[in-house]
Each structure stands twice: as structure tokens, then as C-alpha cells.
Amino acid sequence: MSSRFSLVVLVPLCAAFLIACAAKPEMRSSCATESDAAWKELSLAKAKGFGGTVSYTKALSLLTAARTMQVAENFDSCYNNAKDAREYIRNSYKGQ
């Protein structure tokens with residue numbers, strides 16, 4: 001009975017793990033691309049004098065979180081944080 005219970009628990013757990021691993025390569029590159037673009041845009045915003053705006057500060061915070069998620073291999077969150085950061089960077093140009 002114990003080995004049957006182990007199989008009932010172990011098989012779905014392994015399947016979930018394999019599905020999660022299969023999605024990682026695609027999101028890994030999306031995370032890296034979005035994050036790199038956002039860091040470049042943030043540097044440009046700072047160089048143009050938008051470094052003190054609220055939007056710039058929010059973007060910097062989101063990008064820091066994105067890097068943390070990238071290191072932790074949570075690529076979905078990394079991508080989403082970097083994407084949101086880019087929106088805040090665009091808003092910093094509008095003076096928001």
C-alpha cells in the first residue's frame with residue numbers, strides 16, 4: 001500500500017517538474033532580453049536627467065527585483081518585472 005501511495009504522489013510531482021523545466025529555456029531568453037533592454041533604457045533616462053523622477057525610482061526597484069528573479073531562475077517574474085520597469089521608464093520621459 002505504501003509503494004502505491006508513493007507512486008500516486010511521485011508521478012504527478014515529476015510531471016509538474018518536467019513541465020516547469022520545459023518552459024524555462026524560452027522564458028530565460030525573454031527575461032534576459034527584456035531585462036537588458038530595460039537596463040539600457042534606464043541608463044539613458046538617467047543620462048537625460050530623468051533620474052530623480054518617481055517613475056525612474058519605481059523602474060529601478062522593479063529591475064532590481066527582476067535581476068533577483070533571474071538569479072533565482074524565476075524567469076516569468078523576471079520578464080514581468082522588466083516589462084513593467086520599461087513602462088515606468090517611458091512614463092519618466094513624460095514627467096510622470
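**A disulfide and the helix contacts around it**

The count of disulfides (cysteine sulfur pairs within 2.5 Å) comes to 1 here. Everything below comes from a predicted model, in which local features need pLDDT of at least 70, side-chain atom pairs count only at pLDDT 80 or more, and totals for chains, interfaces and linings use all residues. Residues are numbered from 1 along each chain as its sequence is written, and side-chain values use heavy atoms, with hydrogens and water left out.

The disulfide links Cys31 with Cys78, at an S to S distance of 1.9 Å. Cys31 sits in helix 1 and Cys78 in helix 3 (residues 75-93), so the bond ties together parts of the chain that are 47 residues apart in sequence. Helices here are DSSP runs of H or I with at least four residues, numbered from the N terminus. As for handedness, the link of Cys31 and Cys78 is right-handed, with 70 degrees about the S-S bond. Cys31 is buried (under 20% relative accessible area, with exposed being over 50% and partly exposed in between; 1.4 Å probe, protein chains only), coming in at 0% relative accessibility. Cys78 is buried too, with a relative accessible area of 0%.

Met27 belongs to helix 1, which runs over residues 2-47. Its relative accessible area is 18%, so Met27 counts as buried. Once neighbours within four places in sequence are set aside, Met27 is in contact (heavy atoms within 4.5 Å) with Phe75, Asp76 and Tyr79. Met27 also pairs up with Asn74 in a C-alpha comparison: the two are 47 residues apart in sequence and 8.9 Å apart in space.

Glu34 is another helix 1 residue. Glu34 has a relative accessible area of 13%, so it too is buried. What does the side chain of Glu34 join up with through a polar contact? The partner is the side chain of Arg86, at 3.2 Å. A polar contact is a pair of N or O atoms within 3.5 Å; within protein, one must be able to donate a hydrogen and the other to accept it, and residues adjacent in sequence count only if both atoms are side-chain atoms. Leaving out residues up to four places away in sequence, Glu34 touches Tyr79, Ala82, Lys83 and Arg86.

Thr57 is partly exposed, its relative accessible area being 47%.

Conventions:
Helices (H or I, at least four residues) and strands (E, at least two) are DSSP runs, numbered from the N terminus.
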